[in-house]
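Please view the sequence and the model first, and then follow the sections below.

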Amino acid sequence: MKSDDILNIATKRGFFFPSGEIYGAKAGFWTYGHLGTIMKHKFENLWRDYFLKLSDNYFEIEDVNILSEDVFKNSGHLKHFSDPLEDEKGNVKQFNMMLEVKVGVTGDEKMYLRPETAQSPYISFKREFMALREKLPMGLAVIGKAFRNEINPRQGFFRLREFTQAELQIFFKEDEFDVNFDEVKNYKLKVMDKDVKCSSLKIPKFYAYHLVKIQQFYLDVLKISKEKFRFRELDKDERAFYNKIHYDIELDMDSLGGFKEVGGLHYRTDYDTKNHKVLVNCNGKNIYPHVLELSFGVDRNIWALMDIFYRKEKERELFLFNKNVAPVEVAVFPLVNKDKIPEKAEEAYNLIKKDFNVFYDCKGSIGKMYRRMDEIGCIAMLTIDHNSLKNNDVTLRDRDSMKQIRV
């Protein structure tokens, strides 16, 4: 199975592996290894660089993972954040997925690990609104951990109890969210199996604009093919009751049997600001700002990238990552460990290590070293041989075609 092939490489090469496995790993908890950590940080930085630059008034904040009980009373999580659980007698009851924490010397104070990062911008909004000169629209982004006591975590790395979210909460005055719609009005969005002209969708212009920007992130930045990407609109029976409009971002993953959700765009109206009593004065009028939420599961996107770019060929397994997400961009090898070739290889390595993510390897035959680098998605490989000593050049090997040239 494809999922087994990917997991084999991931755990063997240092992308990710079950947490605490020497003591018996618990389902839903995973450790990012050295390659996975680089890849995760690359994704997060791409996300930051792209979405925070959609406006000069979008900023990132960082909050704690543990919040007070009152936060989740007012947000509705203590009442609504639950899944049905059936006991041995067949009775079904609601099981709240929040993880409780006891705080203080006596342990009497009850707090909770946050089940989503969204609440942090909502409870921080008023202070940031004042600090940023009371201007709307205003965006607050969070990239951080969330925790859910899933009853039965399934699908390996895809459904976790501890996971990372990248979210942008955009606060705006109702009916006053201007975007450059002319820039995107003719753009064709992939909605389910159809290409739909942006201007033909019966949704607010600000919402359609952000759908376009999300699709462009996946197609132009992450380099995912349009066939593997789509939006799916959720009707009122599927979406959360507070969402006026809800489109899921879905990617086609063979390992999970088709299109699966990796994020979403949600128009939450003023539900959150009213529940947290965040009333602000905007141009002389007291309002509860409306919220547009761009939400992405970082870990789910990492798995999706590994699924979509994985290939199994006759002679090798590899990931066809592009340079934006590849954890190792260049590898340097000495052909043999003698005749001052390793010293020359180290010279080449030192020349490029400040500009690329570079890996140096000298263990095993050149063929085995190539295969190891193919397997982790390294884009280019430089081999130093006896001719390199004479001509001050290297053999450059391309991962995708396996072609080699002297440069």
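## Ser3 and helix H1

Apart from its neighbours within four places in sequence, Ser3 is in contact with Ser255 and Trp303, where contact means heavy atoms within 4.5 Å. Ser3 belongs to helix H1, residues 2–13. Helices (H or I, at least four residues) and strands (E, at least two) are DSSP runs, numbered from the N terminus. Ser3 counts as buried because its relative accessibility is 14%; buried means under 20% relative accessible area, exposed over 50%, and partly exposed in between (1.4 Å probe, protein chains only).

## Basis of the model

The model is predicted: local features need pLDDT of at least 70, side-chain atom pairs count only at pLDDT 80 or more, and totals for chains, interfaces and linings use all residues. Residues are numbered from 1 along each chain as its sequence is written, and side-chain values use heavy atoms, with hydrogens and water left out.

## The protein as a whole

The protein contains eleven helices and 25 strands. Along the principal axes, its C-alpha atoms fill a box of roughly 75 × 60 × 45 Å. Of the 407 residues in the protein, 51% are buried. Among contacts between residues at least 6 apart in sequence, 63% join residues at least 24 apart.

The accessible surface comes to about 20400 Å², and 48% of this surface belongs to carbon and sulfur atoms. Accessible areas come from the Shrake-Rupley method with a 1.4 Å probe; for residues, only the protein chains shown count as cover. The protein has 66 positive and 64 negative charges, whose mean positions are 2 Å apart. In this count Lys and Arg are positive and Asp and Glu negative, while His and the chain ends are not counted; each charge is placed at NZ of Lys, CZ of Arg, CG of Asp or CD of Glu.

Strand E21 (residues 330–334) is largely enclosed by the rest of the structure, because five of its five residues are buried. Both faces of E21 are covered: on one side lie the buried residues Val330, Val332 and Pro334, and on the other the buried residues Ala331 and Phe333.

Two strands pair if DSSP finds at least two bridges between them. E21 pairs with strand E22 (residues 358–360) in the parallel sense over three bridges, and Val332 stands opposite Tyr360 in E22. Strand E23 (residues 380–384) also runs parallel to E21, and five bridges join the two; here Phe333 stands opposite Thr383. Together with helix H9 (residues 341–352), E21 and E22 form a right-handed β-α-β unit. A crossover is right-handed if, with the strands pointing away from the viewer, the path from the first strand over the helix to the second runs clockwise.

## Strand E15 and its partners

Strand E15 (residues 258–269) is largely enclosed by the rest of the structure, since nine of its twelve residues are buried. Strand E14 (residues 245–253) runs antiparallel to E15, and nine bridges join them. In this pair, Glu250 has Glu261 in E15 as its bridge partner. The hairpin of E14 and E15 has four residues between the strands, and in it Gly257 takes a positive phi near 85°.

E15 is also joined to strand E18 (residues 290–297) by six bridges, in the antiparallel sense. The bridge partner of Leu265 in E18 is Leu294.

## Gln165 in strand E10

Gln165 lies in strand E10 and counts as buried because its relative accessibility is 7%. Beyond its neighbours within four places in sequence, Gln165 has contacts that include Glu116, Val142, Arg148 and Phe296. Gln165 and His210 are 45 residues apart in sequence, and their C-alpha atoms are 18 Å apart in space.

## Loops and backbone features

Which peptide bond is cis, with omega near -5°? The bond from Leu136 to Pro137 has this form, and Pro137 lies in the loop between helix H5 (119–131) and strand E9 (138–147). That loop also holds Glu134, a residue other than glycine with a positive phi near 55°. Glu134 counts as partly exposed because its relative accessibility is 40%.

Asp175 is located in the loop between strand E10 (162–172) and strand E11 (188–191). Although Asp175 is not a glycine, its phi is positive, about 65°. Asp175 is exposed because its relative accessible area is 74%. Helix H10 (residues 366–376) has buried residues that include Met369, Tyr370 and Met373, and H10 is followed by Gly377, whose phi is positive, near 90°.
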